[in-house]
Amino acid sequence: MDAIVQSITDALNASLGIPLTVFLLSMIPIAEARAAILFGVRAGLHPLVAFGWAFLGSSLLAPILLLILIPIINALSRTKLFSKLGKFLYAKFESKSRALATEENPDAPKKFLSKSELKKIGGTALFVAIPLPLTGVWTGSAVASIVKIGFVKGLIGVVLGNAVACGILTLISYLFEPYLDYILLAFFIIAAAVVITLIVKLIIFKPKDVTTDAEGNADGDTHDDTTGNNTAPRE
């Protein structure tokens, strides 16, 4: 295992350099900053340096995902070739967002942050802060969009949670540096199991029919792209 990791590290260091590799790895779904920090420290970076590059790369991706991820999934849902994939992805993200769903009181006085919005921001941050595959910036951004928290507030929740997750992985990397090979192996085994499970679920997934309005919006839902609130096909 040590020889394999060292060979990969040497190849990446020769081609991209370890800091840039950590930066780019932190943007990849499932791996994200979690794997990037572990890899960076294993490759010889100081834990705080690995934290900085991984946090920067994954956080820079957050505003882009908040704006385009759910609209892209919606667009896939309306195509013939990728309809099942789009509906499957939306169903997975929607299921993870249910714990954050709250109802606004229309008679309540307007505040900059209502209790409902604070719950959504805190819930999004807590969700992203869990240092496991499928709880990172990608999923957190999708969840924030689905619960219609708004672009700025969603970004705050995602970035705060990402900072906590990166901090946890940095601490683990520092305290257990002699065992990073085993931690990396465990992470990638979990990530592989998650990917295989998702593929199996996608194969057996049976999307329900959705109706679209004259503009092609599923169930007639609309969204405001300027606030990050998105249309979503309902299962």
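Tutor: The discussion below takes the aromatic pairs and then the pocket. This is a predicted model, in which local features need pLDDT of at least 70 and side-chain atom pairs count only at pLDDT 80 or more, while totals for chains, interfaces and linings use all residues. Residues are numbered from 1 along each chain as its sequence is written, and side-chain values use heavy atoms, with hydrogens and water left out.

Student: How many aromatic pairs does the structure hold?

Tutor: It holds 4 aromatic pairs; rings of Phe, Tyr and Trp (its six-membered ring) pair if their centres lie within 6.5 Å, and planes under 30 degrees apart count as stacked, over 60 as edge-to-face and the rest as tilted. The pair of Phe23 and Trp53 is edge-to-face because the ring planes stand at 90 degrees, with centres 6.1 Å apart.

Student: Is Phe23 buried or exposed?

Tutor: Phe23 is buried, at 16% relative accessible area, whereas Trp53 is partly exposed at 34%. Buried means under 20%, exposed over 50% and partly exposed in between (1.4 Å probe, protein chains only).

Student: What kind of pair do Phe51 and Phe55 form?

Tutor: Phe51 and Phe55 are stacked, with 5.7 Å between centres and 5 degrees between planes.

Student: On to the pocket: which residues are closest to the centre of the largest one?

Tutor: Those are Ile30, Leu89, Phe93, Leu134 and Leu198, out of 23 lining residues. A pocket is an open set of points on a 1 Å grid over the protein atoms alone where a 1.4 Å probe fits, with protein on both sides within 12 Å along at least five of seven lines; lining residues have an atom within 4 Å of a point.
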